[in-house]
Amino acid sequence: MPELPEVQLVVDDLKTIEGYTIESISLSDRIKLSHRQGKMAVVKHENLQQFEQSLIGQKINTIERRGKYIVMQLTNPINDKVVIAHLGMSGRFEINTNRVSSIPHTHTTFELNYETKTVYLHYIDPRRFGELRVLDHINEFKPFQQMAPEPFGIEGEAYFIDRFKQFKLNRSTISIKQFIMDAENVVGCGNIYANEALFICRIHPLRKVHVLTERKMRELYKEIVKLFIKSIERGGSSIHSYVHMDGEIGSMQDEFLIYQKKLCPICQKKVTSRRINQRNSFYCTNCQK
Ligand SMILES: [Zn+2]
């Protein structure tokens, strides 16, 4: 699943279509079928026709990231819209000049115009856990209302520590891994970066949040941010499905210390691999307490 660094890289690539206007939209048969069955795969809008109509004629003003979401601010003379996209487990975008994508599992294609240029933005998603939604205003999107600040400013750390203090006060029994994977505490930290940051800080993933110290929590927060920055510099991690729009793959996976490793790089003992909250956790019981 793409985490903050990978989503940031997607957004950086998508910025080339800022200023383009949406001329038309086409949806895969799979999406149409899913909507007829009431499942609403990928396009989180009950009425597909309304979804298309609300986007046609809109100009893409800006494309930004918020947490693990991609936010496209659209504008037209009558009513501005915002598209919020999430890549789910296996979603990705591709921009090219092919009206019909040759890539399997292409579910949505946006025809985009800028002056005399026409390009196509394809959304590809084999597992269809991704989400595309269109709203009148960004504030309507519930997950953003409770989301922690972006992690690259001072604000993020202060917020993280405040949340930690609340959990400590309430003697919360949730694990540290659960805590850091919750966007209400820190945004963009998914399973891979959570495993890595906990290993670097020598914290056992099942350790209860309330027993940790503020100092340790600050150290952990800083490690998460450092991992994000390092990963963006290395083009993200290309485990599972993530590849750049130009087909290049990132190299952050080469930097992993514990994720999917067999032996601990510190003590050489066997790495424990266990499902915690439906996600694979990798840790060293000797080094992480
Ligand atoms: Zn170890």
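Student: Is Gln145 buried, partly exposed or exposed, and how is that read?

Tutor: The model is predicted, and the reading rests on relative accessible area: under 20% is buried, over 50% is exposed, and anything in between is partly exposed. Gln145 has 48% relative accessibility, so the residue counts as partly exposed. Gln145 belongs to helix H4, residues 142-145.

Student: Which residues does Gln145 contact, leaving aside neighbours within four places in sequence?

Tutor: Those contacts are Asn139 and Glu140. Another relation concerns Glu184, which is 39 residues from Gln145 along the chain; their C-alpha atoms are separated by 9.3 Å.

Student: How do I read a strand such as S5, and how many of its residues are buried?

Tutor: In a regular strand, side chains alternate between the two faces of the sheet. Strand S5 spans residues 81-86, and six of its six residues are buried. One side carries Lys81, Val83 and Ala85, the other carries Val82, Ile84 and His86, and both faces are covered.

Student: Which strands pair with S5?

Tutor: Strand S4, residues 69-75, pairs with S5 in the antiparallel sense over six bridges. A hairpin of five residues connects S4 to S5, and Leu74 has Lys81 as its bridge partner. S5 also runs antiparallel to strand S9, residues 131-135, with five bridges joining them. There, Val82 is partnered by Leu135.

Student: Where does Lys81 form a salt bridge?

Tutor: Side chains of opposite charge can pair when their charged atoms come close. Here the side chain of Lys81 meets that of Asp136, at 2.5 Å from N to O. Asp136 sits in the loop between S9 and H4 while Lys81 is in strand S5, so the pair ties together parts 55 residues apart in sequence. Lys81 is buried at 12% relative accessibility, whereas Asp136 is partly exposed at 45%.

Student: How many salt bridges does the structure hold?

Tutor: It holds 18. One of them joins Lys222 and Glu157, whose closest N and O atoms are 3.1 Å apart. This pair links distant parts of the chain, with Lys222 in helix H8 and Glu157 in helix H5 (residues 154-169), 65 residues apart. Lys222 is partly exposed at 44%, and Glu157 is buried at 14%. Another salt bridge is between Lys230 and Glu255, with 3.5 Å between the closest N and O atoms. Lys230 is in helix H8 and Glu255 in the loop between H8 and S10, 25 residues apart. Shared partners also join Glu157, Lys165, Glu214, Arg218 and Lys222 into one salt-bridge network.

Student: What are the two domains, and how many salt bridges lie between them?

Tutor: The domain assignment gives domain 1 as 4-145 and domain 2 as 154-283. Their centres, taken over C-alpha atoms, are separated by 29 Å. At the interface, 17 residues of domain 1 contact 16 residues of domain 2. The two bury about 1400 Å² between them, with 70% of that on carbon and sulfur atoms. The count of salt bridges between them is zero.

Student: How do I read a covered helix, taking H1 and H7 as cases?

Tutor: Count the buried residues, then see what packs on them. In H1, nine of eleven residues are buried, among them Leu4, Val7 and Val11. The buried residues of H1 pack against elements including strand S3 (59-66), strand S8 (117-124), H7 and H8. Helix H7, residues 191-200, has nine of its ten residues buried, including Ile192, Tyr193 and Phe199. Their cover includes helix H1 (4-14), helix H6 (176-180), helix H8 (214-233) and strand S11 (279-283). After H7 comes Arg202, which has a positive phi near 60°.

Student: What does UniProt annotate here, and where?

Tutor: An unreviewed UniProt entry places "domain: Formamidopyrimidine-DNA glycosylase catalytic" at residues 2-130. In the model, that span is 21% helix and 40% strand, and its end C-alpha atoms lie 11 Å apart. The record also gives "domain: FPG-type" at residues 257-289. This second span is 0% helix and 30% strand, with its end C-alpha atoms 17 Å apart.

Terms used
Residues are numbered from 1 along each chain as its sequence is written. This is a predicted model: local features need pLDDT of at least 70, side-chain atom pairs count only at pLDDT 80 or more; totals for chains, interfaces and linings use all residues. Side-chain values use heavy atoms; hydrogens and water are left out. UniProt positions are given in the numbering used here, feature names are shortened, and annotations may be inferred rather than shown by experiment. Helices (H or I, at least four residues) and strands (E, at least two) are DSSP runs, numbered from the N terminus. Buried means under 20% relative accessible area, exposed over 50%, partly exposed in between (1.4 Å probe, protein chains only). Two strands pair if DSSP finds at least two bridges between them. Domain bounds come from an automatic or database domain assignment. Contact means heavy atoms within 4.5 Å. Buried area is the accessible area (1.4 Å probe) that two parts lose on being put together, summed over both. A salt bridge is a side-chain nitrogen of Lys or Arg within 4 Å of a carboxyl oxygen of Asp or Glu.
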